[in-house]
Amino acid sequence: MHRFFCVLLALSAVLCAVPAVADEYPVIPLRDNWRLHTSDGLAAEGAALSTPGFDTTGWHPTTVPKTVLAALVDNGVYPDPYFGVNMTQIPGYQEGAWLRMADDSPFRSSWWFRTEFTGPAISENEQVTLHFDGLNYKANIWLDGEKIAGEDTVQGMFRRFEFNVTKQMLNKPNPHVLAVEIIPPGLVPDKKYGTKQIEATTGWDDHNPQPPDGNMGLWQPVYLRVQGPVSLRNPYVETKLDVPGLEEARLTASVFARNNTPDPVTCTVSVLFQDLSFAQEVSLAGGETREVFFRPEEWGALVVKNPRVWWPHPLGPQELYDIEFGVITNRGSSDKARTRFGIREITTAIDDDNWRYYMVNGRRVLIRGGAWMTSDMLLNLSRDRYETLIRYAREANLNMLRSEGFSIRETEDFYSLCDELGIMATQQLFGRSIPDEPLAIACVEDTLLRIRNHPSLAHFLGHDETFPTPTLDEGYRGLIEKHRVNRTYQPHSGTFNIATRKKTGGTRTGTRELWTYASPAHYYFTERKQDVAWGFAQSGGIGGILAPRDSLRQMMPADQLWPAMKTEAWSLHTVTQGAEYFNVVLQMMDAQYGAPADLEAFCNRLYAMNYNSARGMFEAFGKNRYAATGITTWKYNAAWPAALTWQYVDWYGRATAAYYGAKKACTPLHALYAYNDGAVYVTNSLYEPKKDLMLTAAFYGTDGAPVGKVQETSVDLAPDTVAKIPDLEVPESLGSLRFLKLELRDAAGALVSDNFYWLSATPDIPGRDLEMLGGDFKVEPKSMADFKALADLPKVTPVAELKQTRDANGLRLEAVVSNPSPHVAFLVQLAATNPETGLEIGPTYWSENYFSLLPGETRTVTAEVPAYALPKGEAALRVTNYNAAQ
């Protein structure tokens with residue numbers, strides 16, 4: 001029984017002064033001054049390598065975190081693997097996904113990371129711990145001539161390791177030497193495994209080439225921590241929010257206290273929360289670790305009235321709280337642990353149709369987001385890259401990212417930015433069941449302890465498109481309960497056969513058709529059931545998405561750019577199946593838009609297709625709420641420069657046409673055209689009613705002239721709802737290709753949503769898809785839209801004026817774009833470019849892009865360029881369009 005430092009009174013803790021803990025406990029990063037060398041041909045062993053003065057002539061300088069291949073590329077040993085077909089020239093490269101390293105790979109050998117450093121000056125009352133927050137795959141660790149840990153225990157990419165090195169810091173003079181022998185994954189028997197994952201390491205499925213080193217290395221930070229006899233680890237705050245009123249939250253705060261000495265110790269563990277301090281006395285046996293709890297039944301400060309509540313964007317603010325734990329012993333202040341958390345209630349359940357749905361703070365929410373992939377192929381992870389990708393999601397009003405099971409278990413930067421920017425995250429625990437189940441469980445336990453504080457963390461998936469073994473499934477469930485993570489879990493990411501959706505957890509995965517090409521109408525035809533806007537789609541999508549044109553030019557040589565999808569570089573920069581995987585995309589382009597004569601025409605046609613399909617998919621889910629409960633489309637980002645793949649934001653930080661189609665569709669108040677019934681709908685994704693809105697709908701011919709009358713309808717919307725507008729009158733005089741413009745204005749006449757559709761008299765109606773012998777694939781639509789007349793639109797040159805200002809955050813742009821011609825300026829594309837390179841700046845957060853202008857129309861578009869993307873100077877503006885005059 002704990003003896004409380006403060007007296008309990010009427011079940012409420014009396015707050016009292018507690019001794020202050022030290023302002024900071026030194027954390028000493030071991031980032032710089034590393035050297036790298038293969039063990040192949042290296043005569044010395046760990047004891048010698050970890051001794052001062054060892055000759056590292058010929059070793060490669062590097063920093064940590066870093067993988068072996070990334071370090072060798074930095075040192076010019078191998079050419080840039082992201083460009084052209086350079087990746088295929090790196091020794092050990094294998095086509096496709098692989099589990100076993102090639103016999104002749106230089107990465108089958110272990111590699112040594114070595115650094116010399118100055119240790120902290122400590123007293124006899126202080127302890128020093130050495131931390132590895134992520135290594136891949138196994139390691140032998142030597143410090144000052146002594147082996148402190150071996151590969152028998154140090155293994156698994158998704159575990160943190162900590163070692164007490166007080167003895168070395170006290171007894172050995174500076175400099176200290178740390179030598180880490182990294183043993184790679186992939187050293188497995190040569191046989192067919194019939195699975196995509198057999199070790200506790202990252203994988204790449206079919207997304208991009210697999211790095212020949214298997215991402216071996218020190219991929220997360222290495223550092224030292226100084227503390228006293230008692231350490232604090234894994235601080236946590238459980239929140240229980242009253243819903244739907246949100247009047248009160250009850251918090252349970254906890255932290256693991258560890259006695260670093262062999263002797264019993266009595267200490268005082270304290271909490272500082274909202275300027276109030278409270279504490280309790282804890283007795284620990286020698287070497288004991290115990291989780292210490294502060295519960296609201298005992299500590300009144302943990303009952304928060306009218307709390308600041310965390311919401312996903314755009315439903316409300318992203319309120320966050322800080323809490324600090326401290327510990328003192330009779331020797332004084334010993335350690336401190338801080339964390340940040342949010343108060344919110346996110347739950348999921350299965351509805352009457354056996355589909356999973358989400359509730360946030362007592363309200364239904366439609367999920368619209370994407371599958372998240374590790375952000376860099378060589379694990380060169382940075383906060384700037386994370387911010388780019390996650391902010392793009394926020395800007396588009398996407399509210400969820402599903403961290404995919406073959407990826408890394410995501411970092412603190414990922415989750416912190418999701419917290420700050422209001423993006424919910426679903427974490428998949430593994431890709432497949434691996435033979436070493438205790439190791440898988442250890443990885444998952446560490447992951448849960450590391451990420452459980454984040455309010456953005458919404459739900460867990462067990463494995464990708466498969467069930468975990470019964471023991472793994474039981475283990476995952478047990479860990480979630482043991483550590484009170486308070487998120488729902490389903491064992492399987494989603495069924496291929498929707499008849500079994502309840503068994504897998506109320507979600508479905510994608511289909512070959514959706515991973516290849518889906519028209520903008522596809523998701524509307526709900527009689528198909530298996531792959532439309534009905535239920536929850538954990539995968540799916542619109543198929544191949546083309547990178548922005550500047551990205552294409554950056555990722556491959558000029559002589560490989562044309563003919564598109566026919567050169568070696570194009571094929572490598574698609575998916576591991578090669579360019580042929582997306583043959584249906586090209587067939588649909590030729591059939592609907594006409595065969596392109598050059599790269600510019602190829603880009604424009606695919607940009608139109610991508611924008612249209614992404615908008616149609618997300619709009620269909622918005623229209624069909626809550627028979628449709630959500631989609632995390634396959635997939636959101638790419639880990640390397642991909643020409644045509646599944647990507648809404650590319651590796652260079654540039655948003656695709658599909659991204660801007662999705663952004664248009666996810667506008668909180670939105671007018672849309674439904675392809676299945678030809679009607680217009682208005683959606684309200686917010687939790688407050690919207691009244692006295694005015695919708696206008698007008699048709700235009702290919703000459704830009706209006707056809708028929710402008711149709712106006714007054715609209716009142718209840719919260720989180722959809723309204724169908726009375727029948728849209730389609731003039732009989734319209735040609736085969738026609739344009740439809742929708743505008744939604746508020747009571748003051750301000751524009752809140754607009755939409756511009758290109759439609760065909762012959763509608764898109766999906767039919768059947770066929771998997772052919774030899775792996776070929778084709779689709780046979782019942783009917784197919786004809787947009788070839790877009791190629792014959794009169795040529796137009798839009799006029800643009802750019803204003804820009806700079807502040808501490810970067811550039812703010814305002815582009816006033818006008819169409820001075822009597823014709824439609826179709827699919828206008830803006831790019832803020834770096835004047836020194838002429839290339840589009842990534843990221844640039846445009847308020848909209850890939851828009852069209854009617855004759856005489858002017859549009860003001862804004863953008864932000866963060867300082868890290870263009871640290872100084874001004875941007876230039878490039879404007880082009882589908883029917884550009886040049």
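Asn215 is buried in this predicted model, with a relative accessible area of 1%; buried means under 20% relative accessible area, exposed over 50%, and partly exposed in between, with a 1.4 Å probe and protein chains only. Asn215 lies in the loop between β13 and β14 (217-218), where helices (H or I, at least four residues) and strands (E, at least two) are DSSP runs numbered from the N terminus. The phi angle of Asn215 is near 60 degrees, a positive value in a residue other than glycine. A positive phi, of about 65 degrees, is also found at Asn33, which is not a glycine. Asn33 sits in the loop between β4 (27-29) and β5 and is partly exposed, at a relative accessible area of 40%.

The model is predicted, so local features need pLDDT of at least 70 and side-chain atom pairs count only at pLDDT 80 or more, whereas totals for chains, interfaces and linings use all residues. Residues are numbered from 1 along each chain as its sequence is written, and side-chain values use heavy atoms, with hydrogens and water left out.

Cis peptide bonds were also examined. The bond from Asn174 to Pro175 is cis, with omega near 0 degrees, and Pro175 lies in the loop between α3 (166-171) and β13 (176-183). Trp634 and Lys635 are likewise joined by a cis peptide bond, for which omega is about -20 degrees. Lys635 is placed in the loop between β34 (628-633) and β35 (644-645).

Leu42 belongs to the loop between β5 (34-38) and α1 (46-49). Its relative accessibility is 19%, so Leu42 counts as buried. Apart from neighbours within four places in sequence, the contacts of Leu42 (heavy atoms within 4.5 Å) are His37, Leu49, Trp59 and Trp112. The C-alpha atom of Leu42 is separated by 74 Å from that of Leu695, 653 residues apart along the chain.

Two packed helices are described by the angle between their axes and the distance between the axes. Helix α13 (residues 599-623) packs with helix α14 (residues 657-665) at an angle of about 30 degrees, and their axes are 7 Å apart. Axes are lines fitted to C-alpha atoms, for helices over the stretch in contact, and angles run from 0 to 180 degrees between N-to-C directions. The two helices α13 and α14 are therefore roughly parallel to each other; angles under 35 degrees count as roughly parallel, over 145 as roughly antiparallel, 65 to 115 as roughly perpendicular and the rest as oblique. On the α13 side the contact involves Tyr607, Asn610, Tyr611, Ala614, Arg615, Phe618 and Glu619, which meet Ala657, Ala658, Tyr660, Gly661, Ala662, Lys664 and Ala665 of α14. The residues of this contact of α13 with α14 divide into nine nonpolar, two polar and three charged, where Ala, Val, Leu, Ile, Met, Phe, Trp, Tyr, Cys and Pro count as nonpolar, Asp, Glu, Lys and Arg as charged, and the others, Gly among them, as polar. Helix α14 is mostly covered, nine of its nine residues being buried. Among these buried residues of α14 are Tyr659 and Lys663.

A salt bridge is a side-chain nitrogen of Lys or Arg within 4 Å of a carboxyl oxygen of Asp or Glu, and by this rule the count comes to 52 salt bridges. One of them joins Arg340 and Glu420, with the closest N and O atoms 3.1 Å apart. Arg340 lies in strand β23 (residues 332-341) and Glu420 in helix α5 (residues 412-421), so this pair ties together parts that are 80 residues apart in sequence. Arg340 is partly exposed at 26% relative accessibility, and Glu420 is partly exposed with a relative accessible area of 30%. Another salt bridge is formed by the side chains of Glu688 and Lys690 (3.7 Å, N to O). Glu688 counts as partly exposed at 37% relative accessibility, as does Lys690 at 23%.

The side chains of Glu743 and Lys741 also meet in a salt bridge (4.0 Å, N to O). Glu743 is buried, with a relative accessible area of 18%, and Lys741 is buried at 8% relative accessibility. Salt bridges that share partners join Lys664, Lys741, Glu743, Arg745, Asp754, Glu848, Glu857 and Arg859 into one network. Lys741 and Glu743 are also among the contacts of Thr696, which include Val710, Gln711, Glu712 and Leu742 when neighbours within four places in sequence are left aside. Thr696 lies in strand β38 (residues 690-700) and is buried, with a relative accessible area of 17%.
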